[in-house]
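Dear colleague,

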Amino acid sequence: MVELGKNGEHGGSRHAVHTSPLLDQQPVLSLRDLQVTFRGTSGPVPAVNGVTLEAHAGQVVAIVGESGSGKSATALASMGLLPDSATVTGSVLVEGTDLNAIPEKQRVPLRGSSIAMIFQDALAALNPYRTVGRQIIDAYRLHHDVDKRTARERAVEVLDRVGIRDATRRVDDYPHEFSGGMRQRAMIAMAVVNDPTILIADEPTTALDVTVQRQVLDLLTGLTDDLGMALVLITHDLGVVAEVADQIAVMYAGRIVESGSVLDIFDHPAHPYTQALLGATPNLETSGRLAAIPGVPASGTNLPSGCPFHPRCAFAAEVGEACRTKRPVLELRPGTPAHRAACHFTTDRELPDA
Ligand SMILES: Nc1ncnc2c1ncn2[C@@H]1O[C@H](COP(=O)(O)OP(=O)(O)O)[C@@H](O)[C@H]1O
Ligand code: SF4
Ligand SMILES: [Mg+2]
C-alpha cells in the first residue's frame with residue numbers, strides 16, 4: 001500500500017511532470033476508439049464517437065467540453081458503469097486489461113482498486129443513513145481482508161489526508177454533518193482508500209464555491225503526486241485546468257477535437273472550438289459575465305454534416321465546402337510531438353494566436 005502523507009500540500013508546478021521518467025512507461029489507462037451509443041425512444045443516440053486517450057501514472061489528463069459533449073459517458077464507460085441502454089465499443093485498457101471485453105463479475109474487483117471515480121454531487125454519492133467512516137470502512141474492506149479496527153484506522157488516516165480536521169472524531173459523523181466541501185473530500189477519501197491506479201473526477205468542483213474549488217483541485221493534484229495515480233479530470237471549464245493539468249483533451253459532439261500539453265492548448269490552440277473556449281475563459285484581466293460561444297452545441301441526435309462544429313465556426317466560411325461535407329480527423333500538428341487537432345483549416349494553415 002502506498003503511504004498517505006499527512007495533509008500534504010501540493011508543491012511545485014504540475015507541468016514539471018512532463019519530464020518525469022514515469023511517462024516512459026505504459027499508460028495505466030488507454031481508451032481506444034471508444035464509442036458509446038444510447039438506445040433512445042426515437043432511435044440510437046451516439047454520445048461518444050471514437051475517443052482515443054491515454055493517461056500515465058502521476059499525470060493529470062483533463063477532458064474539457066461543453067455540456068452534452070460526451071464527457072460523462074466517456075467516464076462511465078471507462079468504469080463499466082453505463083446502463084444496459086448503452087452500447088459500448090472499442091477498448092478501455094486499465095493496466096492492460098480491457099474492461100470492455102470482460103464480464104461484469106471480473107470488473108467488480110478492479111473498480112475501486114484499479115480505477116475509481118468521483119462525481120459532481122457528493123451528497124448523492126454518499127449514503128445519508130451511514131456515517132462517513134462506515135462508508136469508507138466498507139469500501140476498504142471490499143478490497144482488503146482486515147478487521148474493522150484496522151479498517152477504521154485506515155478510514156481516519158485517509159480522512160486526515162484529504163484534509164478533514166479532527167478526523168478521529170469526524171469519522172463518526174453522518175454526511176449531513178459535513179459541509180459541501182467536506183463531503184467532497186469524504187467522497188475523495190472513499191475513492192482513494194484502496195489506492196487506485198486511476199482516478200476519474202467528473203466535474204468534481206462544479207457545485208462548490210470558488211475558494212473550495214481551488215482547495216479540492218489542490219487536494220486532487222496533491223494525491224495524484226503522492227499516490228502516483230493518473231487523474232482524469234473532467235470539466236466544462238477550461239480555466240480550471242490551466243494550472244493543474246498535464247495533458248488536455250477538448251471534446252465536441254462526442255469526439256476529441258484537439259489534444260496536447262497544457263502549453264499546446266493554451267499557447268497554440270489550433271482548433272477554432274478551443275479558441276472559442278479560451279475566449280470564454282476568465283483570466284485575471286477579465287471579470288463579470290463572459291461571452292458564451294454563439295450557436296447550439298452539436299450532440300448525437302442533431303449532428304451536423306462534415307465538421308460537427310461548422311454551424312458555429314468563425315472560419316467555416318473561409319474553408320467552405322470541406323467543412324460542411326468532410327469530417328476532419330484528429331491529426332498530429334506538424335513539428336509537435338503530441339499536439340493534435342481535427343480541423344480542415346489548421347491542417348493547411350496556422351491560426352492567429354488566440
Ligand atoms: N442515459 C442516457 N440516455 C440517452 N442519452 C444519454 C444518456 N446519457 C447521456 N446521453 C446523451 O449523451 C450525450 C453525452 O452526454 P454526457 O456524456 O452526459 O455529456 P457531458 O458529460 O459532456 O455533459 C448527450 O447528448 C446526452 O443527451
Ligand atoms: S473543420 Fe472547418 S468548421 Fe470545423 S473547426 Fe475547422 S474550420 Fe471550423
Ligand atoms: Mg457530465
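Below I go through the surroundings of the ligand and then the aromatic pairs.

Please keep in mind throughout that this is a predicted model. Oxygen atoms of ligand 1 take part in several polar contacts: a polar side-chain atom of K71 lies 2.8 Å from one oxygen atom, a polar backbone atom of S69 is 3.1 Å from an oxygen atom, and a backbone N or O atom of A73 lies 2.8 Å from an oxygen atom. Of the 560 Å² of accessible area that ligand 1 has on its own, the protein covers 64%.

Turning to the aromatic rings, the count comes to four aromatic pairs. One of them joins Y252 and Y273 in a tilted arrangement, with 4.6 Å centre to centre and 55° between the planes; Y252 belongs to strand β9 (residues 247–252) and Y273 to helix α11 (residues 272–279), 21 residues apart. Both Y252 and Y273 are buried, and ring pairs link Y252, Y273 and F309 into a cluster.

Another tilted pair is formed by F315 and F345, at 4.8 Å centre to centre and 35° between the planes. Because F315 lies in the loop between α11 and α12 (316–319) and F345 in helix α14 (residues 344–348), this pair ties together parts that are 30 residues apart in sequence. F315 and F345 are both buried.

Methods. Residues numbered from 1 in each chain as written. Chains lettered and ligands numbered in written order. Predicted model: local features only at pLDDT ≥ 70, side-chain atom pairs only at ≥ 80, totals over all residues. Heavy atoms only, no water. Polar contact = N/O pair within 3.5 Å; in protein donor to acceptor, adjacent residues only side chain to side chain. Areas by Shrake-Rupley, 256 points an atom, 1.4 Å probe, with all protein chains shown as cover. Phe/Tyr/Trp six-rings, centres within 6.5 Å; stacked < 30°, edge-to-face > 60°. Helix = DSSP H or I, 4+ residues; strand = E, 2+ residues; numbered from the N terminus. Buried < 20%, exposed > 50% of the residue type's maximum accessible area, 1.4 Å probe, protein only.
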